[in-house]
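Good morning, and thank you for joining this meeting.

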Amino acid sequence: MACVVIALFFLQFWRKTADRLFLIFAVAFALMCVTRIVSAGLGEAHLHSGSAYIIRFVAYLMIVAAIIDKNR
């Protein structure tokens, strides 16, 4: 639930400022939310599968890329 709230928070800031950083953060936290929902729905076996970690890794890479892009 926290990932959804954080994604909506960043989406709200993106709508006010149109800054790409906030949009990328919103998408990254939405991806993290999806992995948690899928893991909860499929149970313990899916929690340790590689697909969940790959999606989370992509979300973290998006956050790092957004920070680098903002500081460039």
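Let me begin with a term: two residues are in contact when they have heavy atoms within 4.5 Å. Please keep in mind that this is a predicted model.

Let us turn to the pair of helices. Helix α1 covers residues 2-17 and helix α2 covers residues 20-42. Their axes lie 8 Å apart, and the two helices pack at an angle of about 160 degrees. Because of that angle, α1 is roughly antiparallel to α2; the cut-off for this description is an angle over 145 degrees. The crossing of α1 past α2 is left-handed.

Which residues of α1 meet α2? On the α1 side they are Cys3, Val4, Ile6, Ala7, Phe10, Leu11, Phe13, Trp14 and Thr17. Their counterparts in α2 are Phe22, Leu23, Phe25, Ala26, Phe29, Ala30, Met32, Cys33 and Arg36.

A disulfide is a covalent bond between the sulfur atoms of two cysteines. How many disulfides does a search of the whole structure find? The search finds zero. For Cys3, the closest cysteine sulfur is that of Cys33, at 5.8 Å, which is too far for a bond; a disulfide requires the two sulfur atoms to be within 2.5 Å.

Finally, are these cysteines buried or exposed? Cys3 is buried, with a relative accessible area of 11%. Cys33 is buried as well, with a value of 12%.

Conventions: Residues numbered from 1 in each chain as written. Predicted model: local features only at pLDDT ≥ 70, side-chain atom pairs only at ≥ 80, totals over all residues. Heavy atoms only, no water. Axes fitted to C-alpha atoms, helices over the stretch in contact; angles between N-to-C directions. Helix = DSSP H or I, 4+ residues; strand = E, 2+ residues; numbered from the N terminus. Parallel < 35°, antiparallel > 145°, perpendicular 65-115°, else oblique. Left-handed = near helix turned anticlockwise from the far one by under 90°. Buried < 20%, exposed > 50% of the residue type's maximum accessible area, 1.4 Å probe, protein only.
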